[in-house]
Amino acid sequence: MAERLVTIAAFNEPTEAHIMKGRLEAEGILCFLSDEHIVGAQPFYSVAVGGVKLKVTEQDAEEAREVLARIQGGTGEFLLDDNIELAPPMQEHVIATTCPKCGSDHIAEEKYNKTVFSLSYLLFGFPLPFISHKYRCYDCGNTWKVK
């Protein structure tokens with residue numbers, strides 16, 4: 001027999017509902033949101049439809065209400081394990097390429113040969129991308145290839 005879903009909370013903002021849903025899922029509680037798309041598309045309808053409703057199965061309703069009460073009451077404690085695997089550090093940003101002629105960083109990379117691209121589109125009906133990796137400076141008009 002299918003399990004019944006029970007509404008345990010309603011939120012005016014879909015974002016707040018998604019945060020609570022994520023927390024319940026982290027606790028291992030199966031939950032769903034209803035009317036989230038209506039409220040997301042038309043925020044003023046939130047009052048008319050009763051907000052975004054957070055629904056759980058009947059058997060998990062009591063546990064879910066306890067978790068929500070802890071979160072909304074500010075008494076939720078989250079134990080961090082020192083042995084968790086952290087994400088790798090972010091990569092450094094690549095130094096911006098500058099124009100060798102004027103030193104400007106107002107440049108753009110031209111990935112495709114525009115002449116071949118245009119002619120193939122006219123002749124075959126579809127473009128053939130030939131990669132060229134050229135750079136063009138908007139300030140001085142210089143064009144160069146990076147080796």
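The structure is a predicted model, in which local features require a pLDDT of at least 70 and side-chain atom pairs count only at pLDDT 80 or more, whereas totals for chains, interfaces and linings use all residues. Residues are numbered from 1 along each chain as its sequence is written, and side-chain values use heavy atoms, with hydrogens and water left out.

The protein chain contains five helices and six strands. Both kinds of element are DSSP runs numbered from the N terminus, helices being H or I runs of at least four residues and strands being E runs of at least two. Read from the N terminus, the order of elements is β-α-β-α-α-β-α-β-α-β-β. Of the 147 residues, 26% count as buried. Here buried denotes under 20% relative accessible area, exposed denotes over 50%, and partly exposed covers the values in between, with a 1.4 Å probe and protein chains only. The accessible surface of the chain amounts to about 11,500 Å², and carbon and sulfur atoms supply 56% of this area. A contact is defined by heavy atoms within 4.5 Å. Among contacts in the protein chain with a separation of 6 or more, 56% involve residues 24 or more positions apart.

Helix 1 comprises 13 residues (14–26) and reaches 18 Å from its first C-alpha to its last, close to the 18 Å expected at 1.5 Å a residue. The expected span is 1.5 Å times one less than the number of residues in the helix. Buried positions in helix 1 are Pro14, Ala17, Met20, Lys21 and Leu24. Viewed down the helix axis, the buried residues fall within an arc of 125 degrees, so they line one face of helix 1. This arc is that of the directions from the helix axis to the C-beta atoms. An α-helix has 3.6 residues a turn, so residues three or four places apart point the same way. The buried residues of helix 1 pack against strand 1 (5–11), strand 2 (31–34), helix 2 (36–41), strand 3 (52–57) and helix 4 (61–73). The face turned away from the buried side carries the exposed residues Thr15, Ile19 and Ala26. Just after helix 1, Gly28 adopts a positive phi of about 90 degrees.

Five salt bridges were counted, a salt bridge being a side-chain nitrogen of Lys or Arg within 4 Å of a carboxyl oxygen of Asp or Glu. One of them joins Glu58 to Arg4, with the closest N and O atoms 3.0 Å apart. Because Glu58 lies in the loop between strand 3 and helix 4 and Arg4 in the segment before strand 1, this pair ties together parts that are 54 residues apart in sequence. Glu58 is partly exposed at 45% relative accessibility, while Arg4 is exposed at 54%.

Within helix 1, Glu25 and Lys21 lie four residues apart, about one turn of the helix. These two residues form a salt bridge whose closest N and O atoms are 3.0 Å apart. Glu25 is partly exposed, at 41% relative accessibility. A further salt bridge links Glu27 with Arg23, the closest N and O atoms being 2.7 Å apart. Salt bridges that share partners join Arg23, Glu27 and Arg70 into one network. Glu27 is partly exposed at 30% relative accessibility, and Arg23 is partly exposed at 21%.

Glu109 lies in strand 4 (residues 107–112) and is partly exposed at 36% relative accessibility. Leaving aside neighbours within four places in sequence, Glu109 contacts His133, Lys134 and Tyr135. Asp139 is located in the loop between strand 5 (131–137) and strand 6 (143–145). Not counting residues up to four places away in sequence, Asp139 touches Cys102, Ser104 and His106. Asp139 and His106 are 33 residues apart along the chain, with their C-alpha atoms separated by 6.8 Å.

Finally, Leu119, Leu122, Leu123, Phe124 and Phe126 make a nonpolar surface patch of about 600 Å². Patches consist of residues with over 30% relative accessible area and no salt bridge, like charges being joined within 9 Å and nonpolar side chains (Val, Leu, Ile, Met, Phe, Trp, Tyr) within 5 Å. Phe124, one of the patch residues, belongs to helix 5 (residues 114–124).

Technical notes
Accessible areas come from the Shrake-Rupley method with a 1.4 Å probe; for residues, only the protein chains shown count as cover.
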